[in-house]
Amino acid sequence: MNEATPRPGARLRRIARDAAVSTAVAAGLFALVEVVLRVAAPQTSRTEVLSGESRAIKDPVLGHRYRPNARARHRTPEFDVEYVINTDGRGDSTPPEDDSLAVRVLVIGDSFTFGDGNAEADVWTAVMERLYARGIRGLRINVINAGVEGYDTHSEALYLEELVPKIDPDVVVLGFLANDVYTN
């Protein structure tokens, strides 16, 4: 075999070697940037109680629930939000309207439904209620947000058993996310 003739597969091995080196360099640079960012700009999260004690209290059935009338401020680099828990222990501070013609929608879920990181007016349940208030096909709804951070479908089902007799909803919506698959 002539020395100038490359061996079969040599080109493929060079490409694989170059790809491995490039990947290792990129991963090293990514790790370096991550370490520098964590040291120079740490992602601190702080919750400060504004009235009473903490937002949550222990519950023998649910594990935890929100403390009625609690107020807290949650600060992270991404957001700075004040949470107000109503007298019923839910994150929606405005009581449902006394409108016998409105459809009562109870929404149950976890931190996404509660609205972690969002002002109350920006939570998806409040946005949904506003959209319907604009008169979508003449349907009026009252949305009751019963989302609780850290709940999975098991705790949500137990909480639902407690809430249905109190609220008497016409519709129940479950805010189910992919992480609920792993926590059940």
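Visitor: Over how many bridges do strand S6 and S8 pair in the parallel sense?
Guide: This is a predicted model, in which local features need pLDDT of at least 70 and side-chain atom pairs count only at pLDDT 80 or more, while totals for chains, interfaces and linings use all residues. Residues are numbered from 1 along each chain as its sequence is written, and side-chain values use heavy atoms, with hydrogens and water left out. Strands (E, at least two residues) and helices (H or I, at least four) are DSSP runs numbered from the N terminus, and two strands pair if DSSP finds at least two bridges between them. For S6, residues 103-109, and S8, the parallel pairing runs over five bridges.

Visitor: Which residue is the bridge partner of Gly109 in S8?
Guide: Gly109 belongs to S6, whose residues are 103-109. Its bridge partner in S8 is Gly175.

Visitor: Which strands stand at the edges of the open sheet?
Guide: The three strands of this sheet are ordered S7-S6-S8, with parallel pairing. Two of them have a single partner strand each, so one side of each is left without a neighbour in the sheet: S7 (141-147) and S8 (171-175).

Visitor: What angle does the direction of helix H3 make with that of S7?
Guide: H3, residues 124-133, packs on the sheet and touches S6, S7 and S8; contact means heavy atoms within 4.5 Å. Axes are lines fitted to C-alpha atoms, for helices over the stretch in contact, and angles run from 0 to 180 degrees between N-to-C directions. For H3 and S7 the angle is about 175°.

Visitor: Where in helix H4 does the kink lie?
Guide: H4, residues 153-167, lies across S6, S7 and S8, at about 155° to S6. The bend at a residue is the angle between axes fitted to the seven residues ending there and the seven starting there. The kink in H4 is about 30° and comes shortly before the proline Pro165, at Glu161.

Visitor: Which strands are included in what covers the buried residues of H4?
Guide: Buried means under 20% relative accessible area, exposed over 50%, and partly exposed in between, with a 1.4 Å probe and protein chains only. In H4 the buried residues are Ser155, Glu156, Tyr159, Leu163 and Ile167. Their cover includes S3 (63-66), S6, S7 and S8.

Visitor: Which residues form the one aromatic cluster?
Guide: Tyr83 and Phe114 also form a tilted pair, at 5.2 Å and 55°. Tyr83 lies in strand S5 (residues 80-84) and Phe114 in helix H2, so this pair ties together parts 31 residues apart in sequence. The cluster consists of Tyr66, Tyr83 and Phe114.

Visitor: What is the relative accessible area of His74?
Guide: His74 is found in strand S4, residues 71-75. Among the residues that it touches are Phe79, Tyr83 and Asp116. His74 is buried, with a relative accessible area of 10%.

Key: Phe/Tyr/Trp six-rings, centres within 6.5 Å; stacked < 30°, edge-to-face > 60°. Lists of a residue's contacts leave out its neighbours within four places in sequence.
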